[in-house]
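The following exercises concern a predicted model. Please examine the sequence and the structure before working through the solutions.

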Amino acid sequence: MTSLERCKILLGLSDDNAKKLAILEVCLEKAREDIADFCRDTFYDEAGCDVFPRALKNVQEDLAVIKYRKRGAEGETAYTLSDENVSFDDPLPDNVKQRLYPYRRLFPRTNEPKE
């Protein structure tokens, strides 16, 4: 099962909603970029092959779901609607950072994918 399919299930999206699925794909891409920035790693080896760790796929999916749900509230830290208070974590919540620290590089890898 792909990351897109797993996120789609978590969010309860159907296959016939192309616009929401496209937004979710962008969220997955942005989540991977956030992970790469935090880890100081492009996750591409010298030959340009993708070496994104399988263990980080779950983190990427979690971040994508968070990003998808936060659409329209970018820049907000909290809001109140009637008697419901909603607050948001930082772009990378602490529990996510803890899962990323083992993959963080001391010196950045600068290899770019070959297209």
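**Exercise 1.** State how much space lies in the second largest pocket, and describe the lining of this pocket.

*Solution.* 
Step 1. The volume of the second largest pocket is about 160 Å³.
Step 2. Its lining consists of M1, T2, S3, R6, R54, K57, N58 and E61.
Step 3. Two elements, α1 (3-11) and α3, each give two or more residues to this lining.
Step 4. The largest share, three residues, is that of α3.
Step 5. Sorted by class, the lining residues are four charged, three polar and one nonpolar.

**Exercise 2.** Determine how the axes of helix α2 and helix α3 are arranged: what is the crossing angle, and to which class does it belong?

*Solution.* 
Step 1. Helix α2 spans residues 18-39 and helix α3 spans residues 55-69; their axes come within 8 Å and cross at roughly 125°.
Step 2. As for handedness, the crossing in which α2 passes α3 is right-handed.

**Exercise 3.** Identify which residues make the contact of α2 with α3, and classify them.

*Solution.* 
Step 1. On the α2 side, the contact is made by K20, I23, L24, C27, L28, K30, A31, R32, D34 and I35.
Step 2. On the α3 side, L56, V59, Q60, E61, L63, A64, K67 and Y68 take part.
Step 3. By class, this contact of α2 with α3 comprises 11 nonpolar, six charged and one polar residue.
Step 4. Comparing the two lists shows that E61 belongs to the contact and also lines the second largest pocket.

Conventions
Residues are numbered from 1 along each chain as its sequence is written. This is a predicted model: local features need pLDDT of at least 70, side-chain atom pairs count only at pLDDT 80 or more; totals for chains, interfaces and linings use all residues. Side-chain values use heavy atoms; hydrogens and water are left out. Axes are lines fitted to C-alpha atoms, for helices over the stretch in contact, and angles run from 0 to 180 degrees between N-to-C directions. Helices (H or I, at least four residues) and strands (E, at least two) are DSSP runs, numbered from the N terminus. A crossing is left-handed if the near helix is turned anticlockwise from the far one by less than a right angle, and right-handed if clockwise. Contact means heavy atoms within 4.5 Å. Ala, Val, Leu, Ile, Met, Phe, Trp, Tyr, Cys and Pro count as nonpolar, Asp, Glu, Lys and Arg as charged, and the others, Gly among them, as polar. On a 1 Å grid over the protein atoms alone, a cavity is a set of points where a 1.4 Å probe fits but cannot get out, and a pocket is an open set with protein on both sides within 12 Å along at least five of seven lines; lining residues have an atom within 4 Å of a point. Grid points are joined across faces, edges and corners, and a volume is the space filled by probe spheres set on the points.
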